[in-house]
There are 2 protein chains.
Amino acid sequence: MNFEIQILGCGAATPTAKHMPTSQLVNVHDKLFLVDCGEGTQIQIRRYKVKFQKIDHIFISHLHGDHFFGLVGLLSSMHLLGRTKQLTIFAPKQLEAILEVQFEASQTRLSFPIKFVDSIVKEKTLLLEDKTLEIYAFPLKHRVPCSGFLFQEKPRKAKIRKAFIKLYDLGIEEMVNIKNRTNVERPNGEVISWKECTYDDPPVKSYAFCSDTAPSPKVEDVIKDVTLLYHEATFHSSLKDRAVTTFHSTSLDAGSIAAKCNVGHLVIGHFSSRYMDKSILLEEALTQFERTSCANEGLKFVLKENPGEIEIQDMNRSKSNCE
Amino acid sequence: MNFEIQILGCGAATPTAKHMPTSQLVNVHDKLFLVDCGEGTQIQIRRYKVKFQKIDHIFISHLHGDHFFGLVGLLSSMHLLGRTKQLTIFAPKQLEAILEVQFEASQTRLSFPIKFVDSIVKEKTLLLEDKTLEIYAFPLKHRVPCSGFLFQEKPRKAKIRKAFIKLYDLGIEEMVNIKNRTNVERPNGEVISWKECTYDDPPVKSYAFCSDTAPSPKVEDVIKDVTLLYHEATFHSSLKDRAVTTFHSTSLDAGSIAAKCNVGHLVIGHFSSRYMDKSILLEEALTQFERTSCANEGLKFVLKENPGEIEIQDMNRSKSNCE
């Protein structure tokens, strides 16, 4: 079952010709989630030929412009393209009024309903779940209220080894129990361990998105052991003071957090526009944590079934970027 | 003295991979004016290596998103880049509240003052002038209040032919009068005509911007004889009904308006996303008016001293578009 994160933008607040502001598409089990929506996100979505209307849930981490200024344009386009189905937006409360005043000015009455859900939470909180996936918000430490998001697969049913069906002559009801990870107790007192009869679980895959945050133990508790961590690394540690004042992280911070939290793979992003060459940020993070990549527009991080294996695809290669 | 219009975006409301929404840089006598500011305008400004802080005046024609959604991001960037000097924004009144609610949410207090001036007028109205230039707003005919903008050089001082200085033995005060287009009356009753003593005037250059509008005689009165007319041509005339319902113009309309108004050159833009190939729009406008060009991102229209001469430069050629 697929689990992919595509970077649409990974720059910080001031725009550059190299990077778009923060936005990502998270595709889990063929459901498409948009995470943050900086200016130009809809242009990026078009560029990578993703269908707008497949997005039913949008997550906005906080109300600094580089994380949401593209939302009103995206919603307008969904409207112009005739969307009718509901869209759910998880975002700080004030966003509703911000959108309203703009649609009022243009005399636009959206063709589809929006359900707003407050994304600002005091502790890790379940926002959304379906049969196979749970999505949580958790508090980040920034200058304004700000949330990270955690996408986590639910454990699947256990898979029975055929040999054990024969060995214990398992009945249908007994097999259901074992798949549900429950031991079987027979009338004669015999106990059959579900663990013994099943394959080792492929670990559940998970992704944590930490948009803008100072390092914080509370955040570390939540992102422990995730398969993939996106963590901001706005500055190099030579600008640690600036990072502290602005409630951001350095590339050194991002690397050590990834190491401390035992994550599978780290992607750094939200690069300050002062870094024309991001290799000094990557190199610094790598001193702390080996499995680190730099975000870049068009990169897709695919979480594989093989525990901890990440495939990185460059979506720019499959199309001309100079349209 | 320079007079140039650079297209930053010329698409209509729904975004495409080919066109950005409406925005233009008008550079007259080395003053830089931004006209409309669709989403992504700041990215375009960066792309063409124009300095943000050289813009002191912004004109917003109306509050449909494709004409102003990029403004809040541009202002945020000006702030982050440390601007302190005043910015004047000519726009519909509601814009101030729209910006305010967004800066409030991000707890941003801009580092520079903004002066808001209502751009919605009942008739052609002077918005701004300096020694050499006048800028007017005039009402367009659209679904929401909407203004066009007219940039017009003031007549320069007349240029005296040297031979006449000698012929009439002109004194300094007499020459000042002649430059100011006043006849000289000498004590002996002799009248020297300023026209006789001066070169024929190079015609004053002018530019009219008609963002979104249905054809209207009131608009035609204002744009008569302009050197360069930008006129929207959202649809081909085969969709005339749709143009009428949405208060837009067809490429046939744009061409005939240019012909009727005797303009020097016509640039059509605001192309509906349905036209992958704009040549059918250009061809239709050309049936009505020969001196027509299609807008395109990065094209610069330079008004030359030679009456009616327009030079078209492609700013994409001077740089890589695939950064």
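In the predicted model described here, strand β3 (residues 31-37) of chain B is mostly covered, with 5 of its 7 residues buried. A residue is called buried if 20 or more other C-beta atoms, placed from the backbone, lie within 10 Å of its own. Strands (E, at least two residues) and helices (H or I, at least four) are DSSP runs, numbered from the N terminus. Residues are numbered from 1 along each chain as its sequence is written, and chains are lettered from A in the order in which they are written. Because the model is predicted, local features need pLDDT of at least 70 and side-chain atom pairs count only at pLDDT 80 or more, while totals for chains, interfaces and linings use all residues.

Strand β3(B) pairs with two neighbours, pairing being assigned if DSSP finds at least two bridges between two strands. Strand β2 (residues 23-28) of chain B runs antiparallel to β3(B) and is joined to it by 6 bridges. In this pair, B:Ser23 stands opposite B:Cys37. The two strands form a hairpin with 2 residues between them, and B:His29 in the turn has a positive phi of about 55 degrees. With strand β4 (residues 55-59) of chain B, β3(B) pairs in the parallel sense over 4 bridges. Here B:Leu32 stands opposite B:Ile55. From β3(B) the chain passes through α1(B) to β4(B) in a right-handed β-α-β crossover; with the strands pointing away from the viewer, such a path from the first strand over the helix to the second runs clockwise.

For chain A, the secondary structure comes to 10 helices and 17 strands. Its C-alpha trace spans about 75 × 50 × 40 Å along the principal axes. Of the 323 residues in chain A, 45% are buried.

Between the chains, 35 residues of chain B are in contact with 35 residues of chain A, contact meaning that the C-beta atoms of two residues, placed from the backbone, lie within 7 Å. Helices α1 (41-47), α2 (71-80) and α3 (95-105) of chain B each supply at least two residues of the side that touches chain A.

Chain B is superposed on chain A by a rotation of 179 degrees with 0.1 Å of shift along its axis (RMSD 0.2 Å), using least squares on the C-alpha atoms of residues with pLDDT of at least 70 in both copies. The two copies are therefore related as by a two-fold rotation axis. The same surface serves both copies, as 100% of the contact residues of chain B recur in chain A.

Technical notes
A residue is buried if 20 or more other C-beta atoms lie within 10 Å of its own, exposed if 12 or fewer, and partly exposed in between; C-beta atoms are placed from the backbone.
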